[in-house]
Amino acid sequence: MDFIQRLFLYMTVTAVLCVVLGLFNPWMMLWWEDVQNRKKVIKVYGTAVIICYALYWGLNLIQIV
C-alpha cells in the first residue's frame, strides 16, 4: 500500500511539472493535439494533478483508519 501511495505522489509531482512546462511551451506537452494552448494544458494535466493528489490522500486516509 505504501508503494502505491508513493506512486500517486510521484505522479502528482510529475503532472505539476508538466503543467509548469506546458504553460511556458504548450507544444512540448501537447504535441499530439491539433491545437496546443495553455487552456488545454491546464485541462489535461491539471485534471491529472487533482485526481492523483486525491487518490494519494484517499490512500493516506485508508491507511490511517
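Q: How do you know what confidence the predictor has in the protein chain?
A: The mean pLDDT of the protein chain is 94, and 100% of its residues reach 70 or more; pLDDT is the predictor's confidence in each residue, from 0 to 100. This is a predicted model, in which local features need pLDDT of at least 70, side-chain atom pairs count only at pLDDT 80 or more, and totals for chains, interfaces and linings use all residues. Residues are numbered from 1 along each chain as its sequence is written, and side-chain values use heavy atoms, leaving out hydrogens and water.

Q: What makes up the secondary structure of the protein chain?
A: There are three helices and zero strands, running α-α-α from the N terminus. Helices (H or I, at least four residues) and strands (E, at least two) are DSSP runs, numbered from the N terminus.

Q: Which residues of α1 are called buried, and what covers them?
A: Q5, F8, T12, A15, C18, V19 and G22 are buried in α1, where buried means under 20% relative accessible area, exposed over 50%, and partly exposed in between (1.4 Å probe, protein chains only). Their cover includes α2 (26–29) and α3 (38–64), counted by contact, meaning heavy atoms within 4.5 Å.
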